[in-house]
Protein chains: 2
Amino acid sequence: MPFTSSAETSPQTVNRLSLYLRCLRQLRELHIQKVSSQELARRFDLSATQIRKDLAQFGEFGIRGVGYDVAQLIDHLRSLLGLDRRHKVVIVGIGNLGLALAQYPGFNSTSFQVVAGVDIDHDKVGRKAGAFTIQHAEELAAVVRSSGAEIGVLTVPEAAAQENYDGLVQAGVRAVLNFTRARIRTVPEVPLKEVDLRIYLEETAFFLRR
Amino acid sequence: MPFTSSAETSPQTVNRLSLYLRCLRQLRELHIQKVSSQELARRFDLSATQIRKDLAQFGEFGIRGVGYDVAQLIDHLRSLLGLDRRHKVVIVGIGNLGLALAQYPGFNSTSFQVVAGVDIDHDKVGRKAGAFTIQHAEELAAVVRSSGAEIGVLTVPEAAAQENYDGLVQAGVRAVLNFTRARIRTVPEVPLKEVDLRIYLEETAFFLRR
DNA sequence: AGATGTGAATGAGTTCACAGCT
DNA sequence: AGCTGTGAACTCATTCACATCT
C-alpha cells in the first residue's frame with residue numbers, strides 16, 4: 001500500500017510520529033546510521049510493533065533484515081509531518097506567555113518561525129519581541145498577509161479569544177493554537193489545537209490525592 | 001459500586017473529568033443549577049453517554065429523571081481530581097517561560113499556587129517573579145522543604161533537565177511537569193508529565209501539508 | 001415522563017505471530 | 001539469520017439500548 005496519502009491518521013499516531021522523529025534526531029547526533037524498530041523501542045521505551053505499524057501505513061521505509069536508515073527516516077518523517085518547509089507563525093497577544101513563545105526555541109527552528117506578533121496595548125506596539133516588532137491588533141489582517149503567517153497562536157485574555165480566532169480566520173491563517181481556557185467555536189477549514197496549560201497541573205494533581 | 005477509589009482510571013478519563021469541570025464552571029457562571037448529561041453534551045459538543053459512564057465509575061452523582069446538580073457536581077469533580085486543596089508549585093528555571101508560568105492565572109488559582117522559583121543565574125536571585133522571590137538553584141532542597149511545594153515545573157535548558165528532575169526527586173516533590181524537550185528517566189514515585197510545546201506546532205503542521 | 005446508571009455490542013487501537021524479503 | 005510489514009487476535013474505549021429510579 002504505497003502512500004495512503006492520509007485517508008485517516010489518528011492524532012495519536014501523529015503524536016508518535018513526532019516522537020519518533022525526536023528519538024531519531026538523538027540517534028543521528030550519536031552518529032548512528034542504521035536502527036531497527038527493536039533497538040529504537042529498547043532505547044526510548046516504545047513498542048517495536050507499533051513503530052513498524054505507524055511507519056508502514058505511509059510506505060515501506062525499512063529494509064528487511066537490516067532496519068531503518070536513520071537519516072532517510074528522519075527525512076520521511078519530516079516530510080510526512082509537513083516539517084520539510086518552514087511554517088510561519090503569528091502570535092496574538094504579547095503578554096508574558098506570548099513573549100515567552102516568541103523566543104521559545106521550539107517555535108523558532110528549521111520548521112517554524114514566529115514572524116509577527118500583535119497586541120491591543122499601544123505601549124507595546126513598536127517594541128521588539130523575538131525577531132519581530134509588535135504591531136497593533138487592528139492591523140492583524142494586514143500583518144498576516146504581509147508576513148505570510150499560516151499558524152496563529154492565541155495568547156490573549158480568555159474573554160477575547162473567540163473574536164481573535166475569528167479575526168485570524170478572516171486574516172487567512174490555516175490553523176490556530178489556543179493557549180487560553182476559552183472554548184472556541186471553530187470552522188472546519190481552520191482547525192484549532194487546544195493547549196490548556198492548567199490541565200497539565202490538574203492531571204498531575206489527580207496523582208497527588210492521598 | 002460506591003467509590004472504586006481508583007483501581008485504574010485512564011489518563012483520558014482524567015482529561016475528560018477536568019474538561020467537564022471547566023464546562024460546569026461556565027454553567028455556574030450563567031447561574032444554571034441543574035443540567036442533564038444531554039444538555040451538557042449538546043452545549044459543549046461532548047458525548048452524553050460518556051459523561052455518565054465517566055461519572056458513574058466514581059459514584060452516583062446524578063438524580064434520575066432530573067440530571068446533575070451543577071454546584072454539587074463541581075464539588076465532586078474537584079474532590080476527585082484532588083483540586084479541593086491547594087497544591088504548591090515550584091518552578092525550576094526562571095527564563096521567559098518560567099516567568100510566564102509564575103504569573104499564569106491557571107497556575108495561581110484556588111487549586112494551585114506557585115510558591116517558589118529557582119535559577120542558577122546569580123543576577124536573577126533576589127528578584128521578584130510572580131508572588132515569590134527567586135532563589136538560587138543550589139538551595140532547591142531547602143526551598144522545597146520550607147515552601148512545602150509538591151509539584152516541580154522544569155523550565156530549564158534541555159541539557160540540565162535530567163539533573164534537575166533528580167534534584168526535585170531528592171528535594172521531595174511528588175510530581176513533575178516537564179516543559180523541556182529532554183527525555184527524562186523517572187522513578188515511579190514521582191511521575192513526570194510531558195508538556196512539549198513544539199509538539200503542538202508539529203501536530204498542527206501535519207494538517208497543513210498541501 | 002424523563003433522566004441516570006449499566007450490561008451488551010460495537011469500534012478503535014495495540015499486540016501477537018509469522019510470512020516474506022534481504 | 002534477522003528484521004520488516006501485516007493479517008489475525010486481543011485489549012481497551014466508546015456507543016447503544018434499556019432496566020431502574022424519581
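Visitor: Where is A:Asp119 placed in chain A?

Guide: In this predicted model, A:Asp119 belongs to strand 4 of chain A, residues 112-119.

Visitor: Why does A:Asp119 count as buried?

Guide: Buried means under 20% relative accessible area. A:Asp119 has 9% relative accessibility, so it counts as buried.

Visitor: What makes the pair of A:Asp119 and A:Ile94 a polar contact?

Guide: The cut-off is a pair of N or O atoms within 3.5 Å, one able to donate a hydrogen and the other to accept it. Here the backbone nitrogen of A:Ile94 is 2.7 Å from a polar atom of the A:Asp119 side chain, so the distance meets the cut-off.

Visitor: Let's turn to chain B. How do you know what span is expected of helix 1 of chain B?

Guide: The expected span is 1.5 Å times one less than the number of residues. Helix 1 of chain B, residues 11-29, has 19 residues, with 27 Å expected. From first C-alpha to last, the helix reaches 28 Å, close to that value. After the helix comes B:His31, with a positive phi near 60 degrees.

Visitor: Which residues of helix 1 of chain B are buried, and what covers them?

Guide: The buried ones include B:Val14, B:Leu17, B:Tyr20, B:Arg22, B:Cys23 and B:Leu27. Their cover includes helix 2, helix 3 and helix 4 of chain B, along with strand 10 and helix 8 of chain A.

Visitor: How many residues does each chain bring to the contact, and what area is buried?

Guide: Chain B brings 57 residues and chain A brings 57 residues. The area buried between them is about 5,800 Å², and carbon and sulfur atoms give 60% of it. B:Arg22, B:Arg183 and B:Leu201 supply 13% of what chain B buries against chain A, more than any other three residues.

Visitor: Which element of chain B gives the most to the side that touches chain A?

Guide: Helix 8 of chain B does, with 10 residues. That side of chain B divides into 28 nonpolar, 14 polar and 15 charged residues.

Key: Residues are numbered from 1 along each chain as its sequence is written. Chains are lettered from A and ligands numbered from 1 in the order in which they are written. This is a predicted model: local features need pLDDT of at least 70, side-chain atom pairs count only at pLDDT 80 or more; totals for chains, interfaces and linings use all residues. Side-chain values use heavy atoms; hydrogens and water are left out. Helices (H or I, at least four residues) and strands (E, at least two) are DSSP runs, numbered from the N terminus. Buried means under 20% relative accessible area, exposed over 50%, partly exposed in between (1.4 Å probe, protein chains only). Contact means heavy atoms within 4.5 Å. Buried area is the accessible area (1.4 Å probe) that two parts lose on being put together, summed over both. Ala, Val, Leu, Ile, Met, Phe, Trp, Tyr, Cys and Pro count as nonpolar, Asp, Glu, Lys and Arg as charged, and the others, Gly among them, as polar.
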